[in-house]
Amino acid sequence: MKTAGKIFNALIFIFLYAPIFVVVFFSFNSGASRAVFDGFSLVHYQEMFEDELILSSLYYSLIIAVLSAVISTVIGTMAAMGINALKGWKKSVLLSVNNIPVVNPDIVTAISMMILFVFVLSKFHGMEMGFGTLLIAHITFNIPYVVLSVLPKLRGMDQNIYYAALDLGCPPLRSFIKVVIPQIMPGIVSGLIMAFTLSLDDFVISYFNSGATFQTLPITIYSMTKKPYDLKLNALSTLLFAVVLALMLIVNLRPDADKKAKRKGAAK
Amino acid sequence: MTKSRSVEVGSKKVNLIPFSGWMVVFVLIPIALVVYYAFTGVDGFTLTNLKWIWVYRDTLWLSVWLSVIATVICLLLAYPVAYMISRAGEKMQRNATLFIMLPMWMNFLVRTYAWMTILENNGLVNNALRGIFGEDFAGLNMINNHGAIVLGMVYNYLPYMILPIYTALTKIDNSLIEAARDLGSGAVQVFRRIVLPLSVPGIISGITMVFIPSISTFIISKILGGGKDFLIGDLIEDYFLGNSGVVNYNIGAALSLVIMVMILLATYLMNRFDKDAKTSGGGIL
C-alpha cells in the first residue's frame with residue numbers, strides 16, 4: 001500500500017513536470033525543432049534578448065501588474081473595511097457582487113468588459129483599446145481577491161485594541177495606522193502578491209481587452225505560438241521559471257532560518 | 001456599547017465608494033450589457049440569438065461532456081495525492097504543496113505546447129517508440145482528439161483540485177479520527193464516515209475550480225484538439241474577435257449567457273449538495 005502510494009505520487013509528479021522538463025530541455029537546443037534535439041546551445045537565449053517585442057511586452061506586463069496590484073490593493077482594502085463594518089443584506093449584496101468576477105469564467109468577464117469598452121470608445125472618435133482598458137480590466141479582476149484576503153484578517157482582529165488606543169488619546173487616523181494596519185498587514189500583503197501574480201499571468205482577459213497595439217507578455221507568447229513555433233519562447237519561459245523558482249526557494253527557506261534564530265535565542 | 005464596534009476610519013461609506021463605483025461600472029454594467037446584447041439584434045428586442053444555442057447544441061454538449069470527464073479524472077487523481085500530503089510531516093507538506101503550485105508559474109500556453117511536443121505524431125513519445133520498434137512504426141495517434149483536450153484540461157487544472165481538498169483534509173480534527181478508532185472503526189470505516197464527509201467542502205470547491213475553467217476554455221481545444229473540435233469558448237472567441245470572419249456580439253453574448261446559466265446552476269446544485277451533506281451528518285455514501 002505504501003509503495004503503491006509512492007508510485008502514484010511519483011506518476012503525478014512526472015505528469016505535472018514532464019512538459020516543464022521538455023520546455024527547459026529544448027530551450028538549449030541548437031536546432032530550431034521543438035521535438036528533435038540537435039545539440040547544446042544558448043542561441044535561443046541570445047535571440048530572446050535581441051527580440052524587442054518580447055522585451056517590450058515583458059516591460060508592459062510588469063507595469064500593468066504593479067499598477068493594477070497597487071490600485072486594486074488600495075480599493076480592495078478600503079472595501080474590506082467598509083464591508084466588515086456592514087451587517088445584514090447590504091453586506092451579503094456587496095460580497096455577492098465581489099464574488100462575480102471570481103466565479104464567472106475568465107472569458108465571460110473578458111467579453112463583458114470588452115462590450116463596455118467597445119461601446120464607450122465608439123462614442124469617442126479615434127480612441128482605441130490599449131493601456132487604459134487593460135489596466136481597468138486587470139484592476140477589476142484583482143479587486144475581489146484583495147477583498148477576500150483582507151476580510152478574514154479584519155474579522156479575526158481584536159477591535160478593542162483600536163478603541164484602547166483611542167481612549168488613550170491617540171487620534172483616529174494615527175490609531176488606525178499604528179494599530180489596525182499592522183494587524184491586517186499579512187492580508188494586505190498576500191492580496192497584493194496575489195493581484196500581482198494574477199495580473200502577470202493573465203491571458204484570457206488581456207486577450208480580449210488589450211487592442212492591437214499594446215501587448216503584454218502572455219499575448220506576445222500567444223501570437224508567437226500561432227506562427228511556426230519559436231524556441232525563443234522556451235528560453236523565455238525557462239528564464240522566468242528559474243526566477244520564480246529562486247524567489248520561492250528564498251521565501252521558503254526563510255522560515256527555517258527564523259526558527260533556527262529562535263531556537264538559538266531560546267538556548268541562551 | 002450597543003454601537004457598532006467595527007473599525008472605521010473616516011466613515012464606512014467613504015471606504016465603500018471607490019469599490020461600489022468600480023464594481024457597478026466594470027462588473028455589473030458589463031454583465032447587464034451581455035444580457036442586453038443576447039436579447040437584441042439590429043431591429044431591437046429579439047429571441048433569434050437564442051436559436052444559435054440550438055444550432056450549436058452539439059458543441060455545447062461536447063463542452064459539458066469533456067469538462068465533466070476532466071473534472072472527474074481530476075478528482076480521482078487529486079484525492080489520493082491530497083490525502084497522502086495531508087498525512088505527511090509538516091516540512092514535507094510545505095514542500096509538496098510548493099511542488100504542486102510551481103508548474104503554474106510557467107505560462108500555460110507554453111506548457112500546453114510542450115504536451116503537443118510530447119504527444120504529436122513526430123513527437124517525443126512516438127520517436128521513442130520508433131527507437132524501440134524501428135522506423136516503420138506508424139506512431140500512436142495521441143493528439144487532435146477529444147482525449148488530448150481532456151488531458152490538457154486535467155493537466156492545467158489538477159492543482160486547483162488538489163489544493164482545496166488538501167486544505168479541507170488538514171482542517172479535520174485528528175481527535176475525531178482517534179475517537180472513531182477507539183470505538184472500533186476500521187481504516188475503511190474511518191475514511192468513509194469521517195474523513196470523506198469532512199472533506200466535502202474541499203471537493204466541492206475543487207470541482208468548481210476545475211469545471212468552470214474547463215467548460216470555458218478556448219486555448220486548450222485549439223492547441224491539443226487540432227482546431228477541429230470547437231468548444232463553446234472557441235465559438236465565443238470567434239464571434240467577438242472575428243477570427244473566422246464573422247463578428248457578431250449578439251450571438252457571442254447569447255452563448256456567454258448559456259455558460260453563465262450553466263455555472264449558476266452547477267454552483268446552486270453544489271451548494272445544495274454541500275448543505276445536505278452537512279445536515280444529514282455526512283451520509284454521502
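Predicted model: local features only at pLDDT ≥ 70, side-chain atom pairs only at ≥ 80, totals over all residues.
**The side of chain B that touches chain A**

- Setting aside neighbours within four places in sequence, B:Leu16 is in contact with A:Ala79 and A:Gly82.
- Is B:Leu16 buried or exposed? It has 21 C-beta neighbours inside 10 Å, and the cut-off for buried is 20 or more, so B:Leu16 counts as buried.

**Confidence and layout of chain B**

- Chain B has a mean pLDDT of 87, with 92% of its residues at 70 or more.
- Residues 1-5 of chain B have pLDDT below 50, and beyond near neighbours in sequence this stretch has two contacts in the model.
- Residues 280-285 of chain B also have pLDDT below 50, here with eight contacts beyond near neighbours in sequence.
- Chain B is divided into domain 1 (14-46) and domain 2, which takes in 53-246 + 254-279. Over C-alpha atoms, the centres of domain 1 and domain 2 of chain B are 31 Å apart.

**Two helices with a kink**

- Helix 7 of chain B covers residues 146-170, and at 1.5 Å a residue its 25 residues should span 36 Å. The end C-alpha atoms of helix 7 of chain B are 35 Å apart, which agrees.
- Where does helix 7 of chain B kink? The kink, about 50 degrees, lies at B:Tyr157, shortly before the proline B:Pro159.
- Helix 7 of chain B is mostly covered, with 21 of its 25 residues buried.
- Helix 6 of chain A has a kink of about 30 degrees at A:Asn142, shortly before the proline A:Pro144.
- Of the 25 residues in helix 6 of chain A, 18 are buried, so the rest of the structure largely encloses this helix.

**Residues to click on in chain A**

- A:Gly76 is in helix 3 (residues 52-85) of chain A, and it is buried because 30 other C-beta atoms lie within 10 Å.
- Leaving out neighbours within four places in sequence, A:Gly76 is in contact with A:Ile143, A:Val146, A:Val147, A:Val150 and A:Gly191.
- A:Gly76 and A:Asn98 are 22 residues apart along the chain, with 9.8 Å between their C-alpha atoms.
- A:Arg34 is in the loop between helix 1 (2-27) and helix 2 (43-50) of chain A. With 23 other C-beta atoms within 10 Å, A:Arg34 is buried.
- Which residues does A:Arg34 touch, not counting those up to four places away in sequence? They are A:Phe26, A:Tyr229, A:Leu231 and B:Thr117.
- The C-alpha atoms of A:Arg34 and A:Leu231 are 7.0 Å apart in space, although the two residues are 197 residues apart in sequence.

**Residues to click on in chain B**

- B:Asn144 lies in the loop between helix 6 and helix 7 of chain B, and it is partly exposed, with 19 other C-beta atoms within 10 Å.
- Most residues other than glycine have a negative phi. B:Asn144 has a positive one, near 60 degrees.
- B:Asn271 lies in helix 13 of chain B. It has 12 other C-beta atoms within 10 Å, so it is exposed.
- From B:Asn271 to B:Pro201 is 9.3 Å, C-alpha to C-alpha, across 70 residues of sequence.

How values were computed
Residues numbered from 1 in each chain as written. Chains lettered and ligands numbered in written order. Helix = DSSP H or I, 4+ residues; strand = E, 2+ residues; numbered from the N terminus. Expected span 1.5 Å × (residues − 1). Bend = angle between axes of the 7 residues up to and from the residue. pLDDT = per-residue confidence, 0-100. Contact = placed C-beta atoms within 7 Å. Domains from an automatic or database assignment.
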